[in-house]
Amino acid sequence: MPNDLASRLEPIVAEAVKAAGFDLDSFEVQQAGRRQLVKVVVDGDDGVGLDEVASVSRAVSATLDENEHVLASAYTLEVTSPGLDRPLTLQRHWRRAKFRLVKVTPAEGAAFIGRVGHAGEKSARVLVDGEIRDVGYASLTKAVIEIEFKQPPAEDLKLLETDASALNAATTEPKEEPK
């Protein structure tokens, strides 16, 4: 029942979250005694602050109240932002992690730590030991942000910016028409 309920509620909740200007990162409905526990994780390009979580919570609560026929029972709503330990699984996760250190565990080969650059549709550019690598999302077992307590080295940021500029130039240059 909760999985069926979650599948019916998710599009409704996703629309409310999107209208508030955020992305629905994950959605879950669990039975908690006589109540349903509705867990909503939201994210945005600039992160999500406490005031924004409260605003999204009010919007989602109003939406759930309007659709009480779907929920059909009392509920507890929990709205939060993703933690730093959330795995990077989607392009937007990688895009939002730009310039952050990540620990990458490929399906084959040893794990490594690198700094995220450009996040493309199928892969991200990662600076590892001074070299830029293309890391395909599909080839990973896991990738998570590493916590840093100091500013990233300026030379690393410059390398990643230069790489992103070169990628943009390569994809936006006009192609010559065959004669």
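Predicted model: local features only at pLDDT ≥ 70, side-chain atom pairs only at ≥ 80, totals over all residues.
Residues are numbered from 1 along each chain as its sequence is written, and side-chain values use heavy atoms, with hydrogens and water left out.

**Domains and annotation**

- The protein chain is divided into domain 1 (3-80) and domain 2 (91-171), with bounds that come from an automatic or database domain assignment.
- Between the C-alpha centres of domain 1 and domain 2 the distance is 31 Å.
- An unreviewed UniProt entry carries the annotation "domain: Ribosome maturation factor RimP N-terminal" for residues 12-85; positions are given in the numbering used here, feature names are shortened, and annotations may be inferred rather than shown by experiment.
- Residues 12-85 are 39% helix and 34% strand, and their end C-alpha atoms lie 27 Å apart; helices (H or I, at least four residues) and strands (E, at least two) are DSSP runs, numbered from the N terminus.

**The interface**

- In domain 1, 6 residues are in contact with 4 residues of domain 2, contact meaning heavy atoms within 4.5 Å.
- About 410 Å² is buried between domain 1 and domain 2, and carbon and sulfur atoms give 23% of that area; buried area is the accessible area (1.4 Å probe) that two parts lose on being put together, summed over both.
- Of the area that domain 1 buries against domain 2, D23, D25 and D45 supply 75%, more than any other three residues.

**Salt bridges**

- The count between domain 1 and domain 2 is 6 salt bridges, each a side-chain nitrogen of Lys or Arg within 4 Å of a carboxyl oxygen of Asp or Glu.
- Another salt bridge joins the side chains of R92 and D23 (3.8 Å, N to O).
- This pair links distant parts of the chain, with R92 in helix α4 (residues 91-96) and D23 in strand β1, 69 residues apart.
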